[in-house]
Protein chains: 2
Amino acid sequence: MDISRLQTPAALIDEPRMMCNIARMQQRASALGVSLRPHVKTSKCVEVARRQQAAGASGITVSTLKEAEQFFDAGFADVLYAVGMAPSKLDRALALRRRGCALTIAVDSVAAAQAVIATGHAFDALIEVDCDGHRSGVQPDDSLLIEIGRTLHDGGVILKGVMTHAGSSYDLDTPEALQRLAEQERSRSVRAAQRLRAAGLPCPVVSVGSTPTALSAENLAGVTELRAGVYVFFDLVMANVGVCGLDNLALSVLTTVIGHQPEKGWAIVDAGWMAMSRDRGTQRQKIDYGYGAVCDLAGAPLDGLIMTGANQEHGIVSRRGTADPDIAQRLPVGTQLRILPNHACATGTQFSEYHAVSGARPAQQWRRFDGW
Amino acid sequence: MDISRLQTPAALIDEPRMMCNIARMQQRASALGVSLRPHVKTSKCVEVARRQQAAGASGITVSTLKEAEQFFDAGFADVLYAVGMAPSKLDRALALRRRGCALTIAVDSVAAAQAVIATGHAFDALIEVDCDGHRSGVQPDDSLLIEIGRTLHDGGVILKGVMTHAGSSYDLDTPEALQRLAEQERSRSVRAAQRLRAAGLPCPVVSVGSTPTALSAENLAGVTELRAGVYVFFDLVMANVGVCGLDNLALSVLTTVIGHQPEKGWAIVDAGWMAMSRDRGTQRQKIDYGYGAVCDLAGAPLDGLIMTGANQEHGIVSRRGTADPDIAQRLPVGTQLRILPNHACATGTQFSEYHAVSGARPAQQWRRFDGW
């Protein structure tokens with residue numbers, strides 16, 4: 001179906017841009033001598049992940065057991081569940097393992113390690129390491145690291161190694177700062193691996209990654225695997241961080257103009273926060289895009305137009321700074337627009353399907369799943 | 001099922017609280033002498049709307065045609081689609097009308113009115129009036145109001161009246177300011193109705209509403225119908241506005257502690273922004289609750305604990321202001337918590353089902369739909 005005939009709002013994937021993003025990250029991983037394990041939480045879409053796999057990815061990373069189940073059912077057997085294991089989720093993880101899924105789990109406490117051991121099953125596990133203080137994980141120099149490693153190993157769990165995620169990279173916006181953080185992510189995870197090995201514990205895997213650090217690392221000596229997610233679509237936050245341009249953004253929301261407030265220079269569209277998500281990730285960045293950057297139906301940015309406000313099913317499109325008195329003439333009722341999102345992971349999840357578009361070809365519908 | 005056995009994160013509805021909220025708004029509408037048309041965009045759940053109907057509601061308000069279709073299929077025939085009609089959605093609206101749905105649509109431009117007329121079908125329509133400048137709608141004193149009314153009426157559309165929504169009420173937090181805005185909402189919509197009638201046009205319906213103004217209006221003379229949505233669950237934003245207490249909040253997210261950063265006083269939980277939504281509606285209010293207020297499994301607030309940070313599937317729970325050095329002892333790995341959300345409409349939509357709980361009874365699963 002031609003995209004101009006889709007019911008709005010709708011989530012569009014620009015497939016050529018996505019393929020370019022996939023190739024770029026895969027080339028990057030290859031050049032750095034590590035394997036790539038894409039984080040499929042961004043797309044939650046089998047068709048997208050298959051393209052990442054075809055480009056050379058080794059396994060996938062997931063953020064929920066629902067993703068693990070759905071992707072395993074679609075033929076993805078090598079799955080890292082990269083969120084600290086809750087004891088109450090072990091039954092479900094075990095069921096996946098028994099069905100043949102090579103599911104690896106993550107722990108960062110003795111309590112979680114003991115819960116894993118108590119299942120009596122030889123799970124594959126990584127220890128989560130904190131490389132930048134932004135969230136969870138054990139400090140690489142903490143004695144707790146060895147304690148968890150020994151608990152797992154002695155308890156019959158297969159200690160595969162360490163993983164970390166430099167999530168604070170989203171707050172940076174210069175190549176120098178990103179390179180420094182990438183090196184910190186590398187060195188701290190390698191340090192943790194060295195300490196485990198020095199304690200006589202196995203640590204074959206050293207897994208790092210975030211889209212900004214993956215694209216900024218100068219070397220990944222000692223690292224075995226890179227994880228990254230949002231690069232597959234990129235978004236306005238990533239453009240502000242400086243690791244992509246607006247013309248790399250593969251996800252957009254198709255919307256229709258439903259009214260105006262001409263004296264304010266507003267067009268009202270049928271994509272509100274329900275379609276864009278409430279993510280305001282660019283609010284504290286170099287350029288604040290409101291709820292998104294406005295493009296024409298072909299995907300070309302309309303100079304200075306952003307979504308300045310959003311209610312549940314209403315978006316307010318207006319020009320940043322100066323008023324736009326002719327907006328009702330230029331964008332009459334019925335005009336279709338495409339809005340580039342702040343955060344592709346958050347916007348994607350508002351939709352149960354994507355429409356993949358490529359030039360003048362009819363859009364293809366790709367299912368996206370959600371929930372837990 | 002006992003809620004402590006649910007997979008987390010999960011959306012819980014405290015049914016007694018919800019029933020109390022439903023009764024309160026219905027009594028309010030009755031006392032003001034108007035009918036109540038609940039906005040079901042908040043719950044998107046047939047079981048919730050049936051309870052609103054049983055309490056005395058007259059019809060429902062929807063924000064998408066998908067809601068109209070789903071609720072019509074569930075037996076709700078009297079439906080107001082309260083978002084300005086996009087020409088491209090008229091086919092779908094017409095299909096609903098032909099199936100017997102008493103669907104009323106909204107327009108606020110001559111262009112939209114002409115598109116409605118062009119279908120050749122005698123739609124029921126309201127003209128959207130702007131009462132507070134926050135979004136869409138025609139100014140009550142603008143000649144455009146009469147022009148749209150005459151266009152619709154002369155074109156064979158059944159002009160039912162006017163509707164408005166004082167959405168700026170979410171920015172207020174004193175009873176006096178809310179009363180003033182409620183009176184402004186009333187008087188401007190009644191003014192629009194009077195002008196239409198003076199021009200010889202029909203205007204039987206005068207529909208107003210937002211949860212804060214509905215609960216603050218001292219009289220609704222000239223108004224026929226009240227619309228409100230979020231009152232069914234209430235949320236932290238509404239508590240800050242001052243129209244409910246924390247013990248009226250009926251929606252919460254059940255989550256599990258998966259780790260700690262003890263020296264920071266953090267517990268890490270398995271509800272991130274994917275579960276809570278990215279809504280930070282309390283950020284600029286009296287009390288900033290971060291991504292939500294933390295309660296124990298029974299729903300009692302844990303003093304000063306909020307979700308201070310959120311990634312996709314990780315939430316950071318910590319005490320506002322002062323550190324909480326014993327958090328790992330008090331909330332060990334595996335502890336279940338309930339998080340009260342900033343914005344019930346945004347948090348609800350992250351889930352495809354609710355678990356309705358009432359005292360010690362097993363939770364009932366209620367389906368929630370989404371999309372467009």
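Looked up the nonpolar core first: the largest one has 258 residues. For me a nonpolar core is a set of buried Ala, Val, Leu, Ile, Met, Phe, Trp, Tyr and Cys residues joined through C-beta atoms within 7 Å, where buried takes 20 or more other C-beta atoms within 10 Å of the residue's own, with C-beta atoms placed from the backbone. A:Val79, A:Tyr81, B:Val79 and B:Tyr81 have the most contacts inside it.

Note on the source: this is a predicted model, with local features needing pLDDT of at least 70 and side-chain atom pairs counted only at pLDDT 80 or more, while totals for chains, interfaces and linings use all residues. Residues are numbered from 1 along each chain as its sequence is written, chains are lettered from A and ligands numbered from 1 in the order in which they are written.

Then I checked A:Tyr81. Leaving out residues up to four places away in sequence, A:Tyr81 touches A:Val62, A:Leu65, A:Ala68, A:Ala93, A:Leu103, A:Thr104, A:Ile105 and A:Ala106 (contact: C-beta atoms, placed from the backbone, within 7 Å).

Last, the interface: 43 residues of chain A contact 43 of chain B. S10(A) gives the largest share of chain A's side, four residues. The copies meet through the same surface, because 100% of chain A's interface residues are interface residues in chain B too.

Note on methods. Two residues are in contact if their C-beta atoms, placed from the backbone, lie within 7 Å. Helices (H or I, at least four residues) and strands (E, at least two) are DSSP runs, numbered from the N terminus. A residue is buried if 20 or more other C-beta atoms lie within 10 Å of its own, exposed if 12 or fewer, and partly exposed in between; C-beta atoms are placed from the backbone.
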